[in-house]
Amino acid sequence: MLLNLRAFQKEAIGIVAQRNLYLAAKPGAGKTAVALHAAWEALYERFTARRVLVVAPMRVVPQYEEQAPQWGLSLTFSQCLGNETHRRAALAQNTDVLVVSHDHFPWLVKNVPAKQWNFDLVVFDEASRLRKGGRAGSVGWKAMNAIRKKMAPRMLLMSGSPRPGTAHELYAPVYLLDGGERLGHTLTGFRARFLEPNKVDRHTGRVFSWKLRQGAEEQLYPLIADLFYAASPDLGLKFVEVDRPVVLPEQVMEQIQRMRSEMVADFIEDEITAGSLGVVSGKLHQMGNGEVFNDHGGTTVMHDRKIEDLKALVEDLEGEPLITVYWYTHELARLKAAFPDAVDITTKKGLAAAKRGEVQHALLQPGSAAHGVDGLQQHFSAMYWYSLPHSYELYDQTIKRIVRSGRGAETVRVFRPIAPTDVRIREALVRKQQEQFYAFIS
């Protein structure tokens with residue numbers, strides 16, 4: 001059953017048979033195939049699992065059943081989706097693999113008693129969602145931790161971004177894999193041992209982010225190296241980032257400088273204030289893009305420079321399909337007003353049309369469609385980041401929607417309009433990209 005698999009896939013499957021694993025591989029590299037083959041081996045070759053549970057983003061749930069026949073794996077599937085009646089029916093089916101969405105996963109854990117739990121292998125797709133652990137941890141992390149403590153199944157965590165943000169975010173998934181053996185049993189203890197505050201609110205003392213203590217890197221990563229398998233296979237895929245400088249009006253720049261220094265800005269008759277440094281960052285991001293939330297519960301339009309730049313690019317592309325990536329809801333409204341024929345592909349109808357090649361200008365929100373969307377690469381080779389995200393994971397995953405197996409030889413172009421407020425975001429993305437596989441690839 002291992003024919004046609006890449007070397008890293010075969011090795012990862014072998015590791016999962018022996019111990020818990022965090023598999024980090026770029027989008028499109030074939031993580032789903034690893035999960036499917038690991039399920040087959042556990043069920044029918046090693047007989048170490050009675051049933052397999054896969055936890056995946058909603059859009060990805062059907063892909064497991066669709067891809068299994070492509071690898072010659074005659075696995076049976078049920079999908080735990082929809083209302084409670086449908087979910088209970090899926091649970092009751094005698095299938096090899098139950099695939100549940102992230103949203104319904106906590107419900108499943110709550111409604112399957114420990115004595116009835118027969119999922120001896122649990123696969124968590126897009127494990128970057130498990131970054132936040134402890135008492136304030138994400139709902140998904142708490143559900144996975146409950147399984148770990150009560151049922152102790154074999155775990156395979158998968159992600160395209162092993163270290164999406166900082167070393168601070170490593171604690172939660174590592175704890176799930178080893179129960180606190182390597183990094184300790186509390187997040188507080190982990191911080192005290194390896195980290196120090198990075199960004200702190202000067203008024204309240206609240207810590208917004210953490211960084212490794214000097215010299216801690218050499219201690220931390222060797223401790224957890226055996227839990228991670230990172231692969232960066234050469235898929236022959238290419239993309240180039242093209243930055244397009246955006247000059248903002250002088251009046252807008254004055255208000256941006258004021259926001260940075262005084263945490264307040266005035267534009268026309270609207271006042272814009274920020275209560276903390278974290279809010280300042282968001283306000284600057286919005287101001288650079290052209291529209292910002294004001295103190296009256298609405299938004300204030302400050303300029304159209306990025307809209308104008310996008311119009312110029314659309315004209316230059318002469319009808320070539322383009323994906324424009326936005327972040328805020330009000331940006332979607334502005335883009336639709338400026339480009340009436342553009343289609344929001346975060347909707348099921350819009351995405352289906354884009355996959356059929358019926359969309360010339362697609363609008364995409366990375367938080368809703370960055371993970372698990374396949375098929376766009378056959379029709380799009382140009383992307384425009386109207387709003388750069390702070391998250392490298394979302395940036396990388398979104399680009400990989402069109403830079404992945406199945407596309408032609410043409411190089412993908414990623415256009416980035418860079419206003420003065422985007423410079424720091426761009427620098428942070430470069431830094432996070434360099435950090436991604438530093439600790440895990442030899």
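Student: Is E126 buried or exposed, and what is its relative accessible area?

Tutor: E126 is buried, with a relative accessible area of 6%; buried means under 20% relative accessible area, exposed over 50%, and partly exposed in between, with a 1.4 Å probe and protein chains only. This is a predicted model, in which local features need pLDDT of at least 70 and side-chain atom pairs count only at pLDDT 80 or more, while totals for chains, interfaces and linings use all residues. Residues are numbered from 1 along each chain as its sequence is written, and side-chain values use heavy atoms, with hydrogens and water left out.

The backbone of E126 also deserves attention. Most residues other than glycine have a negative phi. E126, although not a glycine, has a positive phi of about 60°. E126 sits in the loop between β5 (119-125) and α6 (139-150); helices (H or I, at least four residues) and strands (E, at least two) are DSSP runs, numbered from the N terminus.

With a relative accessibility of 59%, A152 counts as exposed, whereas E126 is buried.

The strands β5 and β6 run parallel and are joined by five bridges; two strands pair if DSSP finds at least two bridges between them. V122 stands opposite M155 in β6. Both strands belong to an open sheet of seven strands with parallel pairing, in the order β3-β4-β2-β5-β6-β1-β9. At its edges stand β3 (77-80) and β9 (228-231), each with a single partner strand, so one side of each has no neighbour in the sheet. Neighbouring strands are turned by 20° against each other on average, direction ignored. Here axes are lines fitted to C-alpha atoms, for helices over the stretch in contact, and angles run from 0 to 180 degrees between N-to-C directions.

Helix α4 (residues 84-92) packs on this sheet and touches β2 (51-56), β3, β4 (97-101) and β5, contact meaning heavy atoms within 4.5 Å. The direction of α4 makes about 155° with that of β3.
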